[in-house]
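The report below concerns the packing of a helix, the segment that follows it, and the nonpolar core. Please read it alongside the sequence and the model.

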Amino acid sequence: SSFNAVETSPKYRCNDPRFYENLKNLGLSVQDNKKNFAFYHLNGCHNPYILNENAENVPEEQTSRIQNNKGVFKIIFDYLKQMKDLDLYNNASIIITGDHGESTDFSSPEEPITVGLFVKPGGSSESPLKTSEVPVSHDNFPATVVQLAGIDSNAFGPSVFEVRPGEPFP
């Protein structure tokens, strides 16, 4: 699958309202049946807060961090719905995560901090949702992506699926 609007979006710039407009207006489509990789970085709960809960672009004074987050989740849910409508969701491996924890947490950089992480391996959409409190980090991200692609990931260290309770935080 491929997102039609990639060419019309500015390179390396988070523009959540524009991303959502392109998603709504151009949508997802299947351009070939080969394996594909897509990476999207949404601004999420970073300033400026310019989305309402419907993912509409609004002036900053008319929204809040919570409304902006609800708007970003609407973008994600609509994206996933389009994947399901195109019968792409089940076979897709999906990773959704934040780029850092709460900005008011002033822990030492070496200390763990809670960041949301959702990983759906391809072919697992009928499986029940599993939760884990095993401490993983961005160090586990490369191995996870490589493993989800069906490639031997041993050279990259443990994936998020291979870290066990009680293991020291990397």
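The buried residues of α3 pack against β3 (94–97) and β4 (117–120), where helices (H or I, at least four residues) and strands (E, at least two) are DSSP runs numbered from the N terminus. Those buried residues are A143, T144 and V146, buried meaning under 20% relative accessible area, exposed over 50% and partly exposed in between (1.4 Å probe, protein chains only). The model is predicted, so that local features need pLDDT of at least 70 and side-chain atom pairs count only at pLDDT 80 or more, whereas totals for chains, interfaces and linings use all residues. Residues are numbered from 1 along each chain as its sequence is written, and side-chain values use heavy atoms, with hydrogens and water left out.

Just after α3, G150 adopts a positive phi of about 85 degrees. F156 lies in the segment after α3 (141–148) and counts as partly exposed because its relative accessibility is 44%. The C-alpha atoms of F156 and A143 are separated by 4.9 Å, although the two residues are 13 residues apart along the chain.

| Residue | Contacts |
|---|---|
| F156 | D139, P142, A143 and V146 |
| I94 | L80, M83, Y89, F118, V119 and K120 |

I94 is also among the residues with the most contacts inside the largest nonpolar core, which has 16 residues; such a core is a set of buried Ala, Val, Leu, Ile, Met, Phe, Trp, Tyr and Cys residues joined through side-chain atoms within 4.5 Å. The elements giving two or more residues to this core are α1 (16–25) and α2 (65–85), and α2 gives the most, with six residues.

Methods: Contact = heavy atoms within 4.5 Å. Lists of a residue's contacts leave out its neighbours within four places in sequence.
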